[in-house]
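Open the model in your viewer and keep the selection panel at hand. Each stop below names what to pick and what you will find there.

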Amino acid sequence: MQTFRAMNTDVTVVAPGRDDVVERTLAAEVAAIFEASERRFSRFRADSELSRLNRADGPLVVSPELFAVLRRARAYTLATHGLFDPAIGAELGALGYDRSFAPGALDRAAPSSPPRRARFADVLLDDATGSVTRPREMQIDLGGLVKGRTADEAAALAEPPFAIDAGGDAVLRGDGPDGTGWIVDVEDPHDASRVLVSLRLRSRAVATSAANRRRWRVGREVAHHLIDPRTGRPATSDLAQVTVVAATAELADVLAKTAFLLGVNQARELLHARSELGAVLVHDTGAVELIGRLELAEVDDA
Amino acid sequence: MTDPPRARVKPGARIGWSSLEWRAYLATALATVYAGVWLAAAPSAASSPAREPPAEPPANAPSAPTVWLEDLPAAARPSIAIPPGWVLASRTAPAPQSVVAPAPRVRATPRPARPIRIRTRSS
């Protein structure tokens with residue numbers, strides 16, 4: 001196993017059956033892909049292409065890479081009826097999430113004035129010129145989508161078995177280290193030291209959304225990073241955590257966020273509608289609900 | 001294969017120069033060698049003239065047409081594509097401190113005694 005730091009999280013690369021030198025070389029290539037992706041798509045880096053777009057006052061011709069990600073984001077926005085909305089950067093900024101998260105670093109006495117709500121559907125994507133025009137008040141945040149997408153891209157570097165785990169968004173290629181599948185432990189959102197359930201997955205991706213980790217104080221309230229685009233405020237949900245198993249980490253990340261915002265009943269509908277998906281819903285009561293055909297593995301809490 | 005024809009030199013051929021012509025030839029050759037050595041030894045002095053301070057524009061001359069992008073009306077701003085990692089200068093925004101970040105350092109994680117497990121969580 002090799003680990004590096006990128007996108008404000010630990011990224012682990014696992015290449016079973018390869019010697020350390022090969023695994024380290026693969027991890028270095030994966031790290032380079034993550035670094036390039038962060039350099040282009042981070043909203044926290046003033047020199048990123050996304051930051052340039054977020055500062056632009058008019059149409060801006062962007063790279064094909066950024067244009068493609070924005071197109072994907074638009075497709076997800078339409079498919080989720082606006083619940084997946086990357087245009088929440090200004091709301092996050094007003095709450096204090098205007099830099100990379102660190103515990104306590106975002107705490108503030110009061111939120112800034114909330115900006116006028118803008119929707120990602122209002123962004124103009126001109127295929128003919130490759131230019132993008134965003135409403136002046138909008139700040140685009142591609143965080144989770146890009147992390148999943150980057151893991152998907154990097155996972156294609158090596159033949160299976162091969163896995164990349166980017167802080168809980170993981171791509172698992174092949175049948176795992178011993179041919180019986182990759183074991184994925186789903187963390188308990190109420191007690192991060194515990195595992196709620198373990199899954200055995202083959203050539204799948206997994207992502208988890210919860211409000212328990214990226215939290216900070218805004219006056220007397222506690223904010224978190226899952227913004228509900230319907231209100232522009234941190235979401236309130238009867239779900240404590242959603243884990244989605246899908247073909248790609250990008251899709252798993254989008255669906256996990258969307259399901260969290262929908263709440264138990266509608267999340268169930270969304271995830272049951274596609275037979276290729278699996279999910280673990282953790283209710284705020286602590287109840288655990290499995291959706292889809294998931295193979296369970298023995299929990300090892302050691 | 002055939003080689004290209006070569007010019008033949010007639011055996012015993014001589015150049016019939018007078019002593020005056022020989023002197024002129026030697027003087028020219030020496031002057032050429034001297035000039036070559038002098039140019040090689042002092043290229044900057046020979047090739048670039050001393051720089052004059054730039055001439056001040058007349059006080060009543062119009063200033064150069066320089067403008068910050070954000071000072072132009074929105075409709076008049078050109079679309080500018082620059083490579084990833086580059087930043088457009090702005091009158092108001094501070095210049096970024098770093099343009100190219102080093103690649104993340106990879107470190108080996110000790111192999112766990114038990115089978116490898118992946119943990120999924122919000123991040």
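**Start where the two chains pair**

Select Gln2 of chain A: its bridge partner in β1(B) is Ala108(B). Keep in mind that this is a predicted model.

**The nine-stranded sheet**

Colour the strands in this order: β17(A)-β16(A)-β15(A)-β10(A)-β7(A)-β6(A)-β2(A)-β1(A)-β1(B). They form an open sheet of nine strands, and the pairing is antiparallel. Which strands are at the edges? One is β17 (288–291) of chain A and the other is β1 of chain B; each pairs on one side only.

α1(A) lies across β1, β2 (9–14) and β6 (162–166) of chain A, together with β1 of chain B. Its angle to β1(A) is about 10°.

Next, pick helix α6 (residues 249–262) of chain A. α6(A) lies across β7 (169–173), β10 (204–210), β15 (239–246) and β16 (278–283) of chain A. Here the angle, taken to β15(A), is about 155°.

**Into the core**

Show side chains for Ile164(A), Ala170(A), Val244(A), Ala252(A), Ala259(A) and Ala279(A). These have the most contacts inside the largest nonpolar core, which has 95 residues. Helix α6(A) gives the largest share of this core, ten residues.

Zoom in on Val244(A). What does Val244(A) touch, leaving aside residues up to four places away in sequence? The list is Ala207(A), Ala252(A), Leu255(A), Ala256(A), Ala259(A), Leu271(A), Leu277(A) and Ala279(A).

**The four-stranded sheet**

Move to the open sheet ordered β18(A)-β9(A)-β8(A)-β2(B). Its pairing is mixed. The edge strands are β18 (296–297) of chain A and β2 (117–120) of chain B.

Select β8 (residues 182–188) of chain A. Is this strand mostly covered or uncovered? It is mostly covered: seven of its seven residues are buried.

Follow β8(A) into β9(A): they form a hairpin with two residues between them. Seven bridges join these antiparallel strands. For one facing pair, pick Val186(A), which stands opposite Val197(A) in β9(A).

On the chain B side, β8(A) runs parallel to β2(B), with four bridges. Ile183(A) has Arg117(B) as its bridge partner in β2(B).

Then go to β9 (residues 191–201) of chain A, which pairs with β18(A) in the antiparallel sense over two bridges. Ser198(A) stands opposite Ala297(A) there.

**Zoom out**

Show chain A as a cartoon: seven helices and 18 strands. The C-alpha trace spans about 55 × 45 × 40 Å along its principal axes. Chain A has a radius of gyration of 19 Å, which agrees with a compact globule, because one of 302 residues would come near 19 Å. Colour by burial, and 49% of the 302 residues in chain A are buried.

Key: Residues numbered from 1 in each chain as written. Chains lettered and ligands numbered in written order. Predicted model: local features only at pLDDT ≥ 70, side-chain atom pairs only at ≥ 80, totals over all residues. Rg over C-alpha atoms; globule rule 2.2 N^0.38 Å. Buried ≥ 20, exposed ≤ 12 C-beta atoms within 10 Å, placed from the backbone. Pairing = 2+ DSSP bridges. Core = buried A, V, L, I, M, F, W, Y, C linked by C-beta atoms within 7 Å. Contact = placed C-beta atoms within 7 Å. Axes fitted to C-alpha atoms, helices over the stretch in contact; angles between N-to-C directions.
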